[in-house]
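Take a look at the model below. The paragraphs after it walk through its parts.

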Amino acid sequence: MSNSNFSIEEHFPDMWDAIMHDWLADSSSESPDPDLPAISPKQRSLLRKVKPVGLMGRIVVLETPNRWTKESIEQDLIDPIKHVLKTRLDLSVSLAITSTNGDSADSDAEETTHGTGETGRGTHEGASIPQSVATAEDLSNTEVEQLVTQAEEKNKTTTEEAQQRREHDADELAGQYSASENRIDPNPSPTPRHWTHKEQATSEQTYRSAARHSSPTQPSSNFNDGLDGDSLLNKNYTFESFVVGSSNNFAAAACRAVAEAPAKAYNPLFIWGESGLGKTHLLHAIGHYAKELQPNMRVLYVSSEELTNDFINSIANDTRESFKRRYRNLDMLIVDDIQFLQNKESTQEEFFHTFNALHQANKQIVLSSDRPPRQLTTLEDRLRTRFEGGLITDVQTPDLETRIAILTKKAESDNVQLPEDVKVLIASRYEKSIRELDGALIRVTAYCALSHEPLTVETAEIALRDISPADQDVEIVPQHVIEVVANYFNLTTDELVGKGRAKKFVQARQIAMYLCRELTDLSLPKLGSSFGGRDHTTVMYAERRVRESLSENKKVFDQVQELTQKIKSHARD
Ligand SMILES: Nc1ncnc2c1ncn2[C@@H]1O[C@H](COP(=O)(O)OP(=O)(O)OP(=O)(O)O)[C@@H](O)[C@H]1O
């Protein structure tokens, strides 16, 4: 098999991570994909505990931390998981679930179903495993255990191979893939699915995406966008990956101090600054570093939106006590984007008590916002005063040198060879937000990979033409974007911003949200309200989804480029 062939088995753990991540994000979004089954909070928490061991033939081998989780998944989630894998990978599979604490033997399969003729038997790479089974129950316990061993062995080998390949593959760019029996989608649909994009991706890009989910040398173990266990910390956001410059050195130093001496240095620590300047990154970095220094530390990162949802659910499900336990039995509580608590009175009330309980117990609290506490005018005074009681620090727009350093770091971590002059070009154009800087880097590398062009200033110019700040004197408002995108996809503007969940609406809507985020300066909540009063998290989700597709799918890339041009000329008219 050529190095550039795409094998589902080889990439299965990463694909599982990405698919589950999407499913979870989708299930809490306001306009969930109708193709994905709805899941309850309990099912979400169960899914988070599943580790993909591998894909063996048509059997997906999954590991759970204990028997209870395993049994609950078998009871509640087998069919939804199969459905999602079928939808996303066009793969009909059965699931073999095990638990790590050795109790799988008494909880899994029905020995009696064996040899009935219903269950096909075959060999896979010399090992005796079932080829087609209707459900996980068709497997015996011994077979499940065998599968786990085989899948782990296989993972080990493919991970090593992948690592070697990556070292040689930097120049194997888009298009150099060929058909194989393991191709994901032999009949690509007119609207490509996420993993169809992967087929088109370069081996380098495949790993770029994989690297975002797992360490390059380790099999992936967790799907939540690289989220780390119960703390919900994103593994990519560490101090090591954070570039310190004059715009953020005070904030970064305060964050380190808090991680090194929680509840001693500054409590609470309040970080504020405009969108895309690294607040969230720093919050996660504090959590990681604190846990590195004190592994038993109980750290929790939540956005204020999640905090609000948790609180509302605790009322709806009558689980106030467990809410309190979750938030008060912590050593460090990190709450992002606290400005979204404004106008949410009961959540503010509850948070006030949580804050007091933690503070009095000498536990660390870290908060972020898009503005300083005194400008959180609709927040209750007593909360604002609490926030002002610790250290307040801000992050500012980075200078050119820092922006170049950030690009260098990002390119390195994505295994992209970025020439110095291209770095300077991008860094000197995108000054206001590091998210924008990253977006520009993605457009440039995606353009070169997808069009087989070398990465040069000339190709970067072409890739960035439509988002060049030279055009930023044109004022674009969401209505421009909505009209142009609706027209482009043959929809009415009402359909575009409406509640329709058919794929054609959802995809066009997500692209429109992405373009609004890129081409306007409006805040997430404002954009949410431009799209039929949706929540800001829906816009965030749409943005992430389109960003991912952009670097992996030529069709989406071209659509976004073309639409950008059309929107700008529409705004000029
Ligand atoms: N100094 C930095 N070094 C490396 N990457 C950075 C730095 N600052 C920001 N980033 C990256 O820029 C992107 C946006 O940063 P982040 O999400 O932390 O911004 P934010 O200030 O929380 O924005 P928002 O208020 O919109 O949530 C992330 O991918 C982050 O890793």
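Residues are numbered from 1 along each chain as its sequence is written, and side-chain values use heavy atoms, with hydrogens and water left out.

Start with confidence. pLDDT is the predictor's confidence in each residue, from 0 to 100. The protein chain has a mean pLDDT of 76, with 73% of its residues at 70 or more. Strand β8 has the highest confidence, at 97, and helix α6 (residues 194–200) the lowest, at a mean of 26. Over residues 162–226 the pLDDT is below 50. Where pLDDT is low, the predicted coordinates should not be read in detail. The model scores ipTM 0.99 and pTM 0.57.

Now the first sheet. Helices (H or I, at least four residues) and strands (E, at least two) are DSSP runs, numbered from the N terminus. Two strands pair if DSSP finds at least two bridges between them. An open sheet of 3 strands runs in the order β1-β2-β3, with mixed pairing. The twist averages 20 degrees from one strand to the next. Strands β1 and β2 (residues 59–64) run antiparallel and are joined by 5 bridges. Within this pair, L55 stands opposite V60 in β2. Helix α3 (residues 67–76) packs on the sheet and touches β2 and β3; its direction makes about 160 degrees with that of β3. Helix α4 (residues 78–89) also touches β2 and β3, at about 125 degrees to β3. Contact here means heavy atoms within 4.5 Å. Axes are lines fitted to C-alpha atoms, for helices over the stretch in contact, and angles run from 0 to 180 degrees between N-to-C directions.

Strands β8 and β12 pair over 4 bridges, and F270 stands opposite I392 in β12.

Which strands and helix do the buried residues of α13 pack against? They meet β8, α12 (345–360), β11 and β12. Buried means under 20% relative accessible area, exposed over 50%, partly exposed in between (1.4 Å probe, protein chains only).

Finish at the annotated site. The UniProt annotation "binding site", from an unreviewed entry, covers G276, G278, K279 and T280. UniProt positions are given in the numbering used here, feature names are shortened, and annotations may be inferred rather than shown by experiment. G276 lies in the loop between β8 (269–272) and α9 (279–293). G276 counts as buried because its relative accessibility is 12%. Beyond neighbours within four places in sequence, G276 contacts S433, I434 and R435. T280 lies in helix α9. At 25% relative accessibility, T280 is partly exposed. Leaving out residues up to four places away in sequence, T280 touches Y237, Y301 and D336.

How values were computed: Predicted model: local features only at pLDDT ≥ 70, side-chain atom pairs only at ≥ 80, totals over all residues.
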